[in-house]
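Here's a quick tour for anyone meeting this structure for the first time. Have a look at it below, then read on.

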Amino acid sequence: LDTEKDVFRFAIMSDRTGGMQPGIFKVAAQKIELLQPEFVLSVGDLIDGYTESPAVWEIQWDEFDGIVNQLSMPFYYVPGNHDTSNEILTNVWRERHGKDYYTFRHKDVLFVVINTDEIEGGGISKVQSDYLIKKIEAEKDVKWIMVFMHRPVWSYGDDMGYTPIEQTLVEQASQGKKYTVYSGHHHHYRYATKNGQE
């Protein structure tokens with residue numbers, strides 16, 4: 001980025017399922033509020049999910065939304081396997097949070113949110129892939145692309161439908177638009193480069 005006016009800061013909040021400790025997420029959100037980034041993104045698994053009971057999911061989502069609604073900056077939801085583990089929870093997601101895959105732009109950076117659990121058991125549909133590719137290709141003057149997903153699909157041997165999106169990102173990188181991909185799911189830090197990108 002060329003000048004200070006191009007600089008911006010955002011925070012990423014990781015999974016909170018699988019050994020969730022009471023109060024930790026709320027304290028983390030309070031610390032993010034002190035940092036005052038322009039916005040916050042997640043990488044999925046925001047609730048325990050895996051239920052078909054409205055009484056259970058309402059309590060879980062109300063608790064989560066109650067925490068992030070206290071932030072003074074936007075919070076961008078990214079779905080994980082716990083959040084959309086069945087068709088009912090996927091519909092609940094869409095009613096409460098809107099699209100489960102989307103893009104948005106901030107300054108000269110395009111943010112791409114992928115639902116890696118759109119297909120039961122994990123996967124990205126062609127409809128989602130085509131939509132995201134069209135959005136990525138339409139942004140001619142971005143300098144960087146930030147991709148957020150829950151499952152690190154490149155680590156399974158089966159890319160779960162990610163290849164067409166990745167090919168588009170590689171094409172964009174060859175035109176000077178670098179990209180960085182963030183994921184959750186594994187509950188510990190992993191760093192890798194693929195196609196020369198982080």
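## The largest pocket

Let's start with an opening in the protein. The lining of the largest pocket has 11 nonpolar, 11 polar and five charged residues. In this count, Ala, Val, Leu, Ile, Met, Phe, Trp, Tyr, Cys and Pro are nonpolar, Asp, Glu, Lys and Arg are charged, and the others, Gly among them, are polar. The volume of the largest pocket is about 680 Å³, taken as the space filled by probe spheres set on the grid points, which are joined across faces, edges and corners.

Of the 27 lining residues, Trp154, Val181, Tyr182, Ser183 and Arg190 are the closest to the centre of the largest pocket. On a 1 Å grid over the protein atoms alone, a pocket is an open set of points where a 1.4 Å probe fits, with protein on both sides within 12 Å along at least five of seven lines; lining residues have an atom within 4 Å of a point. Strand β7 gives the largest share of the lining, four residues.

## About the model

This is a predicted model, where local features need pLDDT of at least 70 and side-chain atom pairs count only at 80 or more, while totals for chains, interfaces and linings use all residues. Residues are numbered from 1 along each chain as its sequence is written, and side-chain values use heavy atoms, leaving out hydrogens and water.

## The four-stranded sheet

β7 also belongs to an open sheet of four strands, in the order β4-β5-β6-β7, with mixed pairing. Strands here are DSSP runs (E, at least two residues), as are helices (H or I, at least four), numbered from the N terminus; two strands pair if DSSP finds at least two bridges between them. The edges are β4 (102–106) and β7 (178–182), each pairing on one side only.

β4 pairs with β5 (residues 109–113) in the antiparallel sense, over five bridges. Phe104 stands opposite Phe111 in β5. Helix α4 (residues 126–138) packs on this sheet and touches β4, β5 and β6 (144–148), where contact means heavy atoms within 4.5 Å.

## The three-stranded sheet

Another open sheet has three strands in the order β1-β2-β3, and its pairing is parallel. Its edge strands are β1 (10–13) and β3. β2 and β3 pair over two bridges, and Val40 has Phe75 in β3 as its bridge partner.

Definitions and conventions
Axes fitted to C-alpha atoms, helices over the stretch in contact; angles between N-to-C directions.
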